[in-house]
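Have a look at the structure first, and then we can walk through it together.

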Amino acid sequence: GTGKVYYVGTKPDAVGLRKILDMLCADADIKPLVEEETKLEIACREKDGKRFWFVMNLTGKPQPMIGAFADKTDILKGRMLKAGEMLENWDTLLYVE
């Protein structure tokens, strides 16, 4: 085939793993959904010309909202969070564009 295989002959620490994953993503032209560093889980799905953004806090601790979704209305609960405002643990927000 024409695919690629990578062999990592070590158990990297968090910094090393980040470097390896950054290299693999760059090689495969994979880009993050948002540029901001965050512990929030972010997923995007598209259907009928609309984008559905899921912002989930799966960390077990409150996490700050990122600017990319600040001041947008969550369609699940009709609320709007500002950048830096805390998203409660295990909470999920859904935005539609």
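## The cysteines

Let's start with C44, which is buried at a relative accessible area of 16% (buried means under 20% relative accessible area, exposed over 50%, and partly exposed in between, with a 1.4 Å probe and protein chains only). C25, by contrast, counts as partly exposed, because its relative accessibility is 30%.

Searching the whole structure turns up 0 disulfides, where a disulfide is a pair of cysteine sulfur atoms within 2.5 Å. C25 is in no disulfide, and its nearest cysteine sulfur belongs to C44, 17 Å away. Likewise, C44 takes part in no disulfide, with the sulfur of C25 as the nearest one at 17 Å.

## Strand pairing

Strands here are DSSP runs (E, at least two residues), numbered from the N terminus, and two of them pair if DSSP finds at least two bridges between them. Strand β1, residues 41-47, pairs with strand β2, residues 50-56, in the antiparallel sense over 7 bridges. Within this pairing, I42 sits opposite V55 of β2.

## About the model

This is a predicted model, in which local features need pLDDT of at least 70 and side-chain atom pairs count only at pLDDT 80 or more, while totals for chains, interfaces and linings use all residues. Residues are numbered from 1 along each chain as its sequence is written, and side-chain values use heavy atoms, leaving out hydrogens and water.

Terms used: Helices (H or I, at least four residues) and strands (E, at least two) are DSSP runs, numbered from the N terminus.
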